Amino acid sequence: MASSNGKPVPGEEGKTPAVAAEGSIGGYESLHRLLEANLSPELFKAFRFSADKEFLRQARVVRVGLIQNSIAVPTTCHFADQKKAIMEKIKPIIDAAGASGVNILCLQEAWTMPFAFCTREKRWCEFAEPVDGESTQFLQELAQKYNMVIVSPMLERDVNHGETVWNTAVVIGNSGNIIGIHRKNHIPRVGDFNESTYYMEGDTGHPVFETAYGKIAVNICYGRHHPLNWLAFGLNGAEIVFNPSATVGELSEPMWPIEARNAAIANTYFVGSINRVGTEVFPNPFTSGDGKPQHADFGHFYGSSHFSAPDASCTPSLSRYRDGLMISDMDLNLCRQIKDKWAFRMTARYGMYASLLSEYLKPDFKPQVISDPLIKKRS
């Protein structure tokens, strides 16, 4: 398990490992580690986000954790054994978070299972469970034990509505109670992300959960590519937005360190980005209609979990190929301080945007394009 201090192994600072581990980048665990070893250390922030001292408000420091992990046993094992092995793997990491005084902890997308949606095989639906099912009960005990809010992204079976399957995050309170759920708003239709075979876009809107430690929201995976999705959580008052994900290097890694920081800046809240690690190989090869030959794995899940802050600072990322627990303290007063400094809310033109969106949704919408009359019309 990787620690959250972001530092290389003592005595090996700045050195490229002799043998590059699978999934590494240039022999380093993450892009941040590569840059840290070769650029000025002043470019990197510590794992504490501070705010200015105020006269009328006390500091609101919360300790927040992110867990990234690989699956525990091969995908050929019995489903019950796969799920049990992941829970056994995760528990000591959660225990470490609890022992470290973490107040709010978020796990990765669909943490109880392999990310098998690439296969289009419906048998993986067996991992779906009710909101109050086995994985939630497992985490409820730990939440109560450690007085910790836990965000559990899982595959939900909605037993009250035709046993429909959803990609859902369950928010568990620090007393072990279920505060509420959020269902994934945006479903990818790119590459091997065949998720729409299993579930559709969520129907829960953009809820913000007021916990004992602050107001949090969950922007599940693909929603990070949609700026208005980030905006909606901010408009509803989120102070921390988690982005539990399962994404692979070939597709999204260039975007990964950018999108969350942009969201944190534009919406003046903290963002916790989580991605699973490892390469998951499935029993039966599959294709995705993209012209590539059939294959049995989705690609490398590159981890690199990190935090971003509204003042544009961020932590280094965790490893690209190892399990990890990232912990950071953050003073939530920073959110309002940055709002006051930049006045993004005050200077935004929400009415103008709403008018454009309203027109755009009409079948007879015409883009507002003013053409140069001297340009000859193309035939």
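Seven strands make up an open sheet in this predicted model, in the order S1-S14-S2-S3-S4-S5-S6, and their pairing is mixed. Strands here are DSSP runs of type E with at least two residues, helices are runs of H or I with at least four residues, and both are numbered from the N terminus. Two strands count as paired if DSSP finds at least two bridges between them. At the edges sit strand S1 (48-49) and strand S6 (178-183), each pairing on one side only.

A quick note on the ground rules. Residues are numbered from 1 along each chain as its sequence is written. This being a predicted model, local features need pLDDT of at least 70 and side-chain atom pairs count only at pLDDT 80 or more, while totals for chains, interfaces and linings use all residues, and side-chain values use heavy atoms, with hydrogens and water left out.

Here are some of the strand pairs, with their bridges:

| Pair | Direction | Bridges |
|---|---|---|
| S2 and S14 (residues 324-331) | antiparallel | eight bridges |
| S2 and S3 (residues 104-106) | parallel | three bridges |
| S5 (residues 164-172) and S6 | antiparallel | five bridges |

Let's look at S2. Gly65 stands opposite Ile327 in S14, and Leu66 stands opposite Cys106 in S3. To get from S2 to S3, the chain goes through helix H2 (residues 79-99), and this β-α-β crossover is right-handed. That label means that, with the strands pointing away from the viewer, the path from the first strand over the helix to the second runs clockwise. Over in S6, Ile181 has Val170 opposite.

How much of S2 is buried? Six of the eight residues of this strand (residues 61-68) are, so the rest of the structure largely encloses it. Buried means under 20% relative accessible area, exposed means over 50%, and partly exposed is in between (1.4 Å probe, protein chains only).

Now for the nonpolar cores, which are sets of buried Ala, Val, Leu, Ile, Met, Phe, Trp, Tyr and Cys residues joined through side-chain atoms within 4.5 Å. The largest has 30 residues, and those touching the most other members are Val64, Ile104, Ile216, Ile240, Phe242, Phe270 and Met330. Setting aside neighbours within four places in sequence, Met330 has contacts (heavy atoms within 4.5 Å) that include Phe49, Val64, Ile240 and Phe307. Apart from that core lies another, of 25 residues, with Ile86, Tyr146, Met154 and Ile327 among them.

What about the cysteines? The structure has zero disulfides (pairs of cysteine sulfur atoms within 2.5 Å). Cys125 counts as buried at 12% relative accessibility, and Cys314 is buried with a relative accessible area of 11%.
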